[in-house]
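Visitor: I have a structure to go through with you. Can you take my questions as they come?

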Amino acid sequence: DGGGGSSGGGGAALAVEVGGGEGSPAARRESGHSGTLFSQMLTGLRGADMAKVRRRDRGFRVKFVGEAGDDYGGLYREAFTNLCAELQADSSELLQRCPNGQHGLGSNRSSFLARPSASSPRALDGWRMLGLLLGCALLQRDTVLDLELCEHVWKVLVGSPLDEADLAGFDDAAANSLRSLRHIDREGVDAALFGDLFFNCFEVELSDGSLVELCDGGAALPVTFHNRHAYCGLALAARLAEGRAGYAAMRSGVASIVPCGRLLALLTGKELERLACGVADIDLAALRRHTRYGVGVSPSQSHVKHFWSALEAFSPEQRRAFLKFIWGRNRLPLTEAEWGDATMRVHALETLTPDQHLPVAHTCFFSIEWPKYTSLHIAKAKLSYAITHCAGIDADNTSEARANALADAFAHLEGDGGAASSDAPRGAASSRLARTSSSETDASNV
């Protein structure tokens, strides 16, 4: 263990032996192991005296079977990192990527939430284990969980109420659908026309694709113009209640380490996330490796240098906000396999008055139109304003978006020997618009 630490290998009274510790967290994530380390840790801590785990340095010592490392803190941290990677793998029994991430829509696309089906006794044991680890992260200064949970999950853990905005945070398409249905009369649809357009019954599709009835016999009860508000209310409540059994078990795990009721009542969801997970920074070196430049744009140009210098000068929170602004997610892919063909594209926003313009980001294309700012000071100020105040997503009909789509199509043609990929962008995309006034014709088409 080269990780260092304030206490020796025998500092923690409780020792847990686990196998499969070899390899980096990214490699473990790529391998798709199904909870190997997590299940062993669960077995190793089952029945343990929580008074021994409830420590300020480390809750327990970790021994990777077959490895010679002594745990001075590094193996403990590595175990936590690997556990989190397993929980966020496709094979995880507890967590799944949120619908926004599955479909490439809305915000928080890289975030996870509970699998609606993860409520068996075995799964609840796992949730309590995850809560125990969360409690350790809250108690121990150097312990963090590399988890990216949806914002509403943290709100549930602290007991904050949820609303339709929280549904949009993990399933934007479902939130928009309910909103449209609730106000369908504004579109000129009346009771006579409603039955010809809608064929829903009182059931709703959850994040894992399963259908649940919203009332007894709901599968046979049609949604009508007159009962649509009742349907929308029940559907919203059902979606926001997904995973509640698991989250309750997770809270009980937290309570075994820290005074859960008193502590969590003092926090907001964002504060709990920050205490448990810290702030995941953006690896700018990795982002540079996966950046391509548009026609006439070069990394040696002064305004492009200002772009990278601004990102380097930003705080970790600002860099995460930038990634969310340009790509709809707040962490980079962990592995090259996850990156796939994705690249950030930097194009020039051509205008005679660049210092009066804000950048324009196209989230579906992971692309930004960057004005030719004349100084680093202006570049930082404009980008900072954009990522802070310009979070709205609008229909992307700009010429730049169409150029992105065409470039993607040609890239797929070249890579596939002339066969167009089915993943090539089609139809309207999404963009995040940052602009200074309605008179700025360069961005007015967005």
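Visitor: Is phenylalanine 366 buried or exposed?

Guide: Phenylalanine 366 is buried, with a relative accessible area of 2%. Buried means under 20% relative accessible area, exposed means over 50%, and partly exposed is in between (1.4 Å probe, protein chains only). This is a predicted model, in which local features need pLDDT of at least 70 and side-chain atom pairs count only at pLDDT 80 or more, while totals for chains, interfaces and linings use all residues. Residues are numbered from 1 along each chain as its sequence is written, and side-chain values use heavy atoms, with hydrogens and water left out.

Visitor: Where does phenylalanine 366 lie?

Guide: Phenylalanine 366 is in the loop between strand E9 (360–362) and E10. Helices (H or I, at least four residues) and strands (E, at least two) are DSSP runs, numbered from the N terminus. E9 and E10 form a hairpin with four residues between them, and phenylalanine 366 in the turn has a positive phi of about 50 degrees. Most residues other than glycine have a negative phi.

Visitor: Which way do E9 and E10 run, parallel or antiparallel?

Guide: Antiparallel, with three bridges joining E9 to E10. Two strands pair if DSSP finds at least two bridges between them. Histidine 362 stands opposite serine 367 in E10.

Visitor: And how many residues of E10 are buried?

Guide: Five of the five, so E10 is largely enclosed by the rest of the structure. Both faces are covered, with Ser367, Glu369 and Pro371 buried on one side and Ile368 and Trp370 on the other.

Visitor: What else is E10 joined to?

Guide: Strand E10 (residues 367–371) is joined to E8 by five bridges, and these two run parallel. Histidine 347 has glutamate 369 in E10 as its bridge partner. E8 (residues 344–349) is mostly covered too, with six of its six residues buried. Three bridges also join E8 to strand E7 (residues 291–293), again in parallel, and there threonine 291 has methionine 344 as its bridge partner in E8.

Visitor: Where is asparagine 108, and what is its phi?

Guide: Asparagine 108 sits in the loop between helix H5 (99–103) and strand E4 (112–114). Its phi is near 55 degrees, a positive value in a residue other than glycine. Asparagine 108 is buried, at a relative accessible area of 6%.

Visitor: New topic. How many residues are in the largest nonpolar core?

Guide: It has 79 residues, and those with the most contacts inside it are Phe60, Trp127, Leu134, Leu145, Leu147 and Tyr231. H6 gives the largest share of this core, 11 residues. Apart from it lies another core, of 32 residues, among them Ile282, Trp308, Phe322 and Leu332. A nonpolar core here is a set of buried Ala, Val, Leu, Ile, Met, Phe, Trp, Tyr and Cys residues joined through side-chain atoms within 4.5 Å.

Visitor: What about H6 itself? How many of its residues are buried?

Guide: 14 of the 19 residues of H6 are buried, so the helix is largely enclosed by the rest of the structure. H6 (residues 121–139) reaches 27 Å from its first C-alpha to its last, close to the 27 Å expected at 1.5 Å a residue. That expected span is 1.5 Å times one less than the number of residues.

Visitor: What does tyrosine 231 touch?

Guide: Leaving aside neighbours within four places in sequence, tyrosine 231 is in contact (heavy atoms within 4.5 Å) with residues including Leu178, Leu181, Phe202 and Val223.

Visitor: Last one. What is the average pLDDT, and where does it stay under 50?

Guide: The protein averages a pLDDT of 81, and 77% of the residues score at least 70. pLDDT is the predictor's confidence in each residue, from 0 to 100. It stays under 50 over residues 394–401 and over residues 412–446. Where pLDDT is low, the predicted coordinates should not be read in detail.
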